[in-house]
Amino acid sequence: MTAPRLEVRSLSKTFAGITVLKDAYLEVRPGEVHALIGQNGSGKSTLIKLVSGVYRADSGGEVLVDGKRIGTPVDPGRLHEEGLAFVHQDLGLIHDLSVRENVRVGRHSTMPYTGWINRRKDAAAVRETLELLHLSHISPQTKVGALRPSERVGVAVARALQERHPGSGVVVFDESSRAIPYEALDDFYDMIRLLTSQGTAVIIVSHNLKEVLQIADRVTALRNGRVVEMGVSTSGLDEAALTRMVLGRDGELDDFVESMPSELRERGLELKEVAGGAIRGVSAAVRRGEVVGFTGTVDSGLSSLAPLLAGAITGSGTVAVGYRELSLERASVKKALRAGVAYIPQDRHGQGLATALTVEENVTLPHLHSRGKPWWTGLGWQKVETESVLKTFEVTPANRHAPVATFSGGNQQKVLMGKWLLGAPTALVLDDPTQAVDVGARAAVLRATRQAAVDGAAVVLCSSEVDDLAAVCDRVLVLEQGSVVRELTRPFTADDVFSAIFHDPEGSDR
Ligand SMILES: Nc1ncnc2c1ncn2[C@@H]1O[C@H](COP(=O)(O)OP(=O)(O)OP(=O)(O)O)[C@@H](O)[C@H]1O
């Protein structure tokens, strides 16, 4: 029997006395797609970071590639040699540089004597790797920013795989598909299949259980820092079975509109000829008590809408919030916030959270003014409210004094939601709020979104997750080329939303 391509034996990791990964084990075979699944904070990234040498494991564990011991600790310098490659969620590409520069960074061929970069040799090496990935149409001279999203993933993979024998090694995609718009996913999956057909092993870390079923041969689940199932074949599994592996219990997405009815009132949020970014002109009214979804493909303008409404980018037109009117020409997040717009941005690091501060500081900071007294911030409410956020969203560890930076990605997203929902806003604008959250937390985020409407907010949900939109929205508006082109009113299903985005009136067999 051939040795596993990658084997992990008894890996543990302790941070400041708390063991977050305990005796993890894993076997990945050559030529397979192996998915790692688990709730936020279950230890997936920690496991990957131990294998990639970012963290040093507690003593006692072992990592083997093709039967050969490579640690622990794993020497990051040896990873390339041993055939381990990591493609992170943000891809780590510099858009202003060429494909050649991005792929060859740190690995340039140089001229003898002068030590200057040998561009011709570099370009030839890049072409060779791109050919392996069936991407020979990409020129090494093209700027990465000019490529399609799926081609960018190809460049990130080429960088990871260069100078490798086809079929060797392991490529780890850590939530990489989140960087890829829906319409480019098939190309990404084709590339994964191409790699595995050559014999390379692929690990995907994903919260998207549909994706896991579609692409993975076997799956390993972590719960509370332990591997609870290892290498289970996905044939014969369905989403409900994967959900049980993740949560240790059943978990279904409710129809929250049905189960959480709200009362509609005027004077919510009114968009008048809103334009800016890739939005060309949108007029729409969202009543208080209503959740209105906006959706569309990657080039529909969807990604500009939430930042525009929240004042994060300027534009033209006006947004009326209750009795106040904001001009988008002089917009700012501060002005929008003062008018009663709470905003959950997509980029939680850049705009959402101060990661060096504690959970309690993050959750309560925007509310000190309204909840505290001019002479005293008040500690009681801060404790109670923060603990309620930790409980509602099942944030782990439930430690309000821990710095946000030490939480897993999904748990940070939950803290961000909790922070803004505390304030009972007039309008709530959410930009793809379930990204990175696990299947259990996703339900909590959607319930909280609906609860905001029940409590009287006008809620705008910008998302391309059709299941989310169908679960919480009263109406869905579909964008194309920066304008609203279709409107769905209840009842509608996730498939209806999907068909409306891709303008497929016959429905689809996704
Ligand atoms: N640098 C750190 N210091 C302290 N604790 C940490 C650190 N990094 C991770 N942790 C803790 O380790 C646990 C596992 O986190 P990890 O990032 O591995 O989870 P995950 O399964 O990848 O979650 P997600 O799906 O949200 O990305 C969490 O409880 C997290 O708070």
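**Entry 1: the ligand**

I began with the ligand, and I found that domain 1 (6-247) and domain 2 (262-501) both give residues to the shell around it, so the ligand lies between them. A reminder to myself: this is a predicted model. I listed 18 residues around the ligand, and the closest are Val20, Asn40, Ser45, Ser408 and Gly410. Which helices supply at least two residues of the shell each? I noted α1 (44-51) and α16 (409-421).

**Entry 2: a sheet with a helix on it**

Next I looked up an open sheet of four strands, and I wrote down its order as β2-β1-β4-β5, with antiparallel pairing. Its edge strands are β2 (18-28) and β5 (68-71), each of which pairs on one side only. From one strand to the next, the twist averages 30°.

I stopped at Ala16, in the loop between β1 and β2. Is Ala16 buried or exposed? I counted 7 C-beta neighbours inside 10 Å, so Ala16 counts as exposed. Its phi is near 45°, a positive value in a residue other than glycine.

**Entry 3: another open sheet**

Here I found four strands in the order β12-β11-β14-β15, again an open sheet with antiparallel pairing. The edges are β12 (279-288) and β15 (324-327), each pairing on one side only. Neighbouring strands are turned by 15° against each other on average, direction ignored. Between β11 (residues 265-276) and β12 I noted six bridges in the antiparallel sense, and Leu269 stands opposite Val286 in β12.

Strand β11 also holds Glu273, with a positive phi near 45°. I marked Glu273 as partly exposed because 13 other C-beta atoms lie within 10 Å.

**Entry 4: Leu461**

I picked Leu461 in strand β18 (residues 458-462). It has 29 C-beta neighbours inside 10 Å, so I could call Leu461 buried. Which residues does Leu461 contact, leaving aside neighbours within four places in sequence? My list reads Val291, Gly293, Leu430, Thr449, Leu469, Val472 and Cys473. For Leu461 and Arg164, I noted a separation of 297 residues in sequence and 44 Å in space, C-alpha to C-alpha.

In helix α19 (residues 494-501), I found Val497, Phe498, Ser499, Ala500 and Ile501 to be the buried residues. Their cover includes β13 (291-295), α18 (466-472), β19 (475-480) and β20 (483-489). Just after α19, His503 takes a positive phi of about 50°.

In the loop between β20 and α19 I came across Pro491. The peptide bond from Arg490 to Pro491 is cis, with omega near 5°. I also looked at Pro397, which has its place in the loop between α15 (380-392) and α16. The bond from Thr396 to Pro397 is cis too, with omega near -5°. I noted both bonds because most peptide bonds are trans.

Key: Residues are numbered from 1 along each chain as its sequence is written. This is a predicted model: local features need pLDDT of at least 70, side-chain atom pairs count only at pLDDT 80 or more; totals for chains, interfaces and linings use all residues. A residue is buried if 20 or more other C-beta atoms lie within 10 Å of its own, exposed if 12 or fewer, and partly exposed in between; C-beta atoms are placed from the backbone. Two residues are in contact if their C-beta atoms, placed from the backbone, lie within 7 Å. Two strands pair if DSSP finds at least two bridges between them. Axes are lines fitted to C-alpha atoms, for helices over the stretch in contact, and angles run from 0 to 180 degrees between N-to-C directions. A residue is near a molecule or strand if its C-beta atom, placed from the backbone, lies within 6 Å of it. Domain bounds come from an automatic or database domain assignment.
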